Amino acid sequence: MNLIKKISYLLAITIISSACSSDDDAGNVIDDTPQGDFDNGILVTNEGPFGTGTGTVSFITEDLSTVEEQIFQTVNGSDLGNIVQSLGFYEDQAYIVANNSSKITVVNRYTFEEIAVIENDLENPRYFLTVGDTGYVTNWGDPFDNSDDYVAVIDLETQTVSSTIPVSFGPERLVANGDKLYVAHSGGFDYNNVVSLIDTNSNTVDTTITVGDVPNSVVLDGVNLWVLCGGKPAFTGNESNGSMYQINTATDIVSQSFDFGATDHPSNLVFDASDLYYGLNGEVYQMKTIASGLPTSSVLSGSYYSLTANDGKLYATDAADFQSSGTLKVFDLLDFSEITSLEMGIIPGGVYFNN
C-alpha cells in the first residue's frame with residue numbers, strides 16, 4: 001500500500017470511528033435539563049406563626065447562592081395552611097404536611113404546582129414517609145386524648161388515606177428499614193418513651209420497644225437504629241435525664257444505651273457518613289457510631305431549632321424570636337467552618353434535598 005493510499009485509509013477509518021462514537025454518545029446522553037424551577041436545590045419548610053397565618057417553603061439553589069421565599073404561594077396563588085410541619089417525597093411529587101390545618105398538599109416537587117390536597121382522615125398530622133408505593137404519616141389525633149393516635153396509610157395513586165394504624169400516643173418522626181417502619185413516640189402534649197415497629201406488609205404494629213423518656217429523633221446507620229431521647233423537662237416537676245439508645249435492626253433489641261446528665265435534654269439527632277450529631281445546651285456534638293460513650297466536648301456552638309446532615313455538610317436552622325424571619329446556617333463537617341448563613345421564613349424547620 002503506497003503512502004497516499006495509507007493516508008486515505010486512515011482518514012476513512014477515523015471518520016467512521018468518529019461517526020460511530022457520536023452515535024453511541026447520542027444514544028447514552030444524560031439529559032441534565034432541569035425538570036422545573038426548583039430542581040437540583042434545597043427545600044426548607046417554615047412552620048409560620050402558630051395558630052394564625054400560614055407556613056411556607058423556601059428554595060435554595062444547589063450552590064447556596066440564591067433563596068426564593070414562599071414558592072408554593074408564588075406558583076399557586078394560595079396558602080399551605082397553618083404550621084408547615086414537614087415534607088416528604090415520592091417519585092416526582094412532594095407531600096407538604098400542615099399540622100394545625102390537618103392536611104397534606106401534594107405538589108410536583110420540581111415545579112411546585114399543586115396536584116392534590118389530602119384532608120380526610122387526618123388529624124394533627126406530623127411527619128410523612130414512603131415505603132415502596134405507600135405513604136405513611138404520623139397523627140396525634142386530639143392532642144389531649146392519648147387513646148386516638150395513629151399512623152395514616154396513604155394510597156399514593158389516589159392521594160387518599162386508605163387505612164389507619166392505631167399506635168401509642170404522641171407519634172412523631174419515623175424511619176424505614178426494608179419493610180419495617182420505626183416510629184418514635186415523644187408523647188405529643190404528654191410524654192412517652194417507646195418506639196413502635198410497624199410491619200408494612202400487614203400495616204400492623206409488630207412490637208413496641210421501650211427507650212428513654214421523650215424520644216425526639218431517630219436515624220439509621222445501615223445496621224442500627226439510633227434513638228435520641230430528650231427526657232422530661234424541669235417544668236413538668238418530674239424531670240428526667242436525656243439518653244441515647246442503639247437498637248440492632250436485625251433483632252430489634254436494644255444493644256446499648258447512654259445516659260446524659262440529670263438536667264441534660266438533647267435533641268435533633270442526625271447522621272452522616274459514620275458520625276452522629278445532636279444538639280445539647282447550646283452546643284453541637286459529634287459522636288462516632290462505634291463509640292463506647294458519649295462525647296465530652298462539642299464541635300460547634302449555637303442553639304439550633306433543627307439540624308440536618310447531608311454529604312459532608314450540616315444544615316442548622318435558627319428560629320430567632322419565632323415571630324420574624326429565621327436563618328439557615330451551613331457548616332462544613334470536615335473542619336466545622338461556616339459556609340454560609342441564609343435568611344429563611346418564620347420558624348424554619350425541615351431541610352430537604354430536591355434532586
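**Figure 1. Overview of the predicted chain.** The secondary structure of the chain comes to two helices and 28 strands. Helices (H or I, at least four residues) and strands (E, at least two) are DSSP runs, numbered from the N terminus. This is a predicted model, in which local features need pLDDT of at least 70 and side-chain atom pairs count only at pLDDT 80 or more, while totals for chains, interfaces and linings use all residues. Residues are numbered from 1 along each chain as its sequence is written, and side-chain values use heavy atoms, with hydrogens and water left out. Along the principal axes, the C-alpha atoms fill a box of roughly 100 × 50 × 45 Å. Of the 355 residues in the chain, 48% are buried. Buried means under 20% relative accessible area, exposed over 50%, and partly exposed in between (1.4 Å probe, protein chains only). Among contacts in the chain with a separation of 6 or more, 41% come from residues 24 or more positions apart. A contact means heavy atoms within 4.5 Å.

**Figure 2. The open sheet E24-E25-E26-E27.** Four strands form this sheet in the order given, with antiparallel pairing. Strand E24 (306-310) and strand E27 (338-346) are the edge strands, each pairing on one side only. Neighbouring strands are turned by 20° against each other on average, direction ignored. For such angles, axes are lines fitted to C-alpha atoms, for helices over the stretch in contact, and values run from 0 to 180 degrees between N-to-C directions. Two strands pair if DSSP finds at least two bridges between them. Strands of a sheet pair through backbone hydrogen bonds, either parallel or antiparallel. Strand E26 (residues 325-332) pairs with E27 over six bridges, in the antiparallel sense. Valine 330 has threonine 340 in E27 as its bridge partner.

Figure 3. Strand E10 (residues 150-155) is largely enclosed by the rest of the structure, because five of its six residues are buried. Strand E9 (residues 134-139) runs antiparallel to E10, and six bridges join the two. Here tyrosine 136 has valine 153 in E10 as its bridge partner. Strand E11 (residues 160-166) also runs antiparallel to E10, joined by six bridges. Valine 151 stands opposite isoleucine 165 in E11. E10 and E11 form a hairpin with four residues between them. In its turn, glutamine 159 has a positive phi of about 55°.

Figure 4. The structure holds one cavity of 30 Å³ or more. About 30 Å³ of space lies in the largest cavity. On a 1 Å grid over the protein atoms alone, a cavity is a set of points where a 1.4 Å probe fits but cannot get out; a pocket is an open set with protein on both sides within 12 Å along at least five of seven lines; lining residues have an atom within 4 Å of a point. Grid points are joined across faces, edges and corners, and a volume is the space filled by probe spheres set on the points. Trp140, Asp142, Pro143, Asp145, Asn146, Asp149, Gly170, Gly187, Gly188 and Phe189 line the cavity. By class, three are nonpolar, four polar and three charged. Ala, Val, Leu, Ile, Met, Phe, Trp, Tyr, Cys and Pro count as nonpolar, Asp, Glu, Lys and Arg as charged, and the others, Gly among them, as polar.

**Figure 5. The second largest pocket.** Its volume is about 170 Å³. The lining consists of Asn40, Gly41, Ile42, Glu62, Leu64, Asn310, Asp311, Lys313, Tyr315, Phe353 and Asn355. E1 and strand E25 (313-318) each supply at least two of the lining residues. The classes are four nonpolar, four polar and three charged residues.

**Figure 6. Asparagine 46 in strand E1.** Asparagine 46 sits in strand E1 (residues 41-46). Asparagine 46 is buried, with a relative accessible area of 0%. Not counting residues up to four places away in sequence, asparagine 46 touches Gly55, Thr56, Val57, Ser58, Glu69, Val84, Met344, Gly345, Ile346, Ile347 and Pro348.

**Figure 7. Two loop residues, glycine 231 and isoleucine 290****.** Glycine 231 lies in the loop between strand E17 (224-229) and strand E18 (243-248). Glycine 231 is buried, at a relative accessible area of 7%. Leaving aside neighbours within four places in sequence, glycine 231 contacts Asp213, Val214, Ser240, Asn241, Gly242 and His265. Isoleucine 290 lies in the loop between strand E22 (283-288) and strand E23 (300-301). Isoleucine 290 is exposed, with a relative accessible area of 78%. Isoleucine 290 and isoleucine 118 are 172 residues apart along the chain, and their C-alpha atoms are separated by 42 Å.
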